[in-house]
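Here are my notebook entries from an afternoon of looking things up.

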Amino acid sequence: MSAPPHPLLSRRPHRAVPSLSLGPEATLSLARLHEICGGARRSFALYVAACLLRDLGPDLPPFAPIWWISPDWQAEQLYAEGVVRFIGPERLIFVRPKRAEDVLWTLEEILRSGTAPLAVADIPGLPSLTSVRRLHLAAETGTEAGRAPLGLLLTPGAGGAQGVESRWRCEADHASRPAGWQLDRLRARMEPPRSWHLAEANEGYPRSRFAMALARPARALQPTARVQATPAGQQPSGPAPPARLNSA
């Protein structure tokens, strides 16, 4: 008599998770939510968009929209002359919700629809763990409805969203030659922390080509700042942490 199967085991065949290659030893799992922080987080998000459109190649629909969601009151906006270095600006659809909670709700609905290869939410605070789980489920549902979507969260400061598939930090690097960006993978479920240098290989028009190389020697990554609880009746000594956002 054979032993009953363990409840945590399955006889179903293992399916490899689809991923997007960004460069040497740098990938993003599709149908998942990833976080990008740092001063150059928007530049890295556009680089991800360029890699995704490149990989789609002949399977790219005539108009594959890339959704860029940010609150109505946010002053920082993308500049077309900067966007064109990465992708055609005509592929971007901008959404400017008036309520903070509607930013994550919009991202959730786009991922669930499975109609767009990439959706980016540029948020002023950190989402709750419940919101991140809902976004993961929405991306998985979108995979069943169409092509596996990719969700990006752009967070201020050092980031720190809970439950994301991976967290990346991108900063301008003017000291290196060629000048470009310093990219750090701070955490990932299946990959160790690592650093890269991202730079333009040529300044072609309308779009540039980029080269991504592992940083050697690998520099020590700075730990993400953690917020300590303040006892009741006392004022916090440091700056206030980013606000938490909740989806509807």
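I looked up cysteine 37 and found it buried, at a relative accessible area of 0% (buried means under 20%, exposed over 50%, partly exposed in between, with a 1.4 Å probe and protein chains only). Cysteine 51 is buried too, with a relative accessible area of 3%.

A note on what I am reading: this is a predicted model, where local features need pLDDT of at least 70 and side-chain atom pairs count only at pLDDT 80 or more, while totals for chains, interfaces and linings use all residues. Residues are numbered from 1 along each chain as its sequence is written, and side-chain values use heavy atoms, with hydrogens and water left out.

How many disulfides does the structure hold? I found 0, taking a disulfide as a pair of cysteine sulfur atoms within 2.5 Å. For cysteine 37, the nearest cysteine sulfur belongs to cysteine 170 and is 9.6 Å away.

**Threonine 155**

I found threonine 155 in the loop between strand S8 (150–154) and strand S9 (166–173); helices (H or I, at least four residues) and strands (E, at least two) are DSSP runs, numbered from the N terminus. Is threonine 155 buried or exposed? It counts as buried, because its relative accessibility is 0%.

Its side chain makes a polar contact of 2.7 Å with the side chain of glutamate 35 (a pair of N or O atoms within 3.5 Å; within protein, one must be able to donate a hydrogen and the other to accept it, and residues adjacent in sequence count only if both atoms are side-chain atoms). Leaving aside neighbours within four places in sequence, the contacts of threonine 155 include Glu35, Cys37, Arg41 and Ile123, where contact means heavy atoms within 4.5 Å.

**The sheet around glutamate 35**

I traced glutamate 35 to its bridge partner in S9, arginine 167. Strand S3 (residues 33–37) pairs with S9 in the parallel sense over 4 bridges; two strands pair if DSSP finds at least two bridges between them.

The open sheet has 9 strands in the order S5-S4-S6-S8-S3-S9-S10-S11-S12, with mixed pairing. Its edge strands are S5 (92–95) and S12 (209–214), each pairing on one side only.

**The hairpin**

My last stop was S1 and S2, which form a hairpin with 2 residues between them. In the turn, glutamate 25 has a positive phi of about 60°. Strand S1 (residues 19–23) and S2 pair in the antiparallel sense over 4 bridges, and leucine 20 stands opposite leucine 28 in S2. Strand S2 (residues 26–29) has Ala26 and Leu28 on its covered face and Thr27 and Ser29 on the uncovered one.
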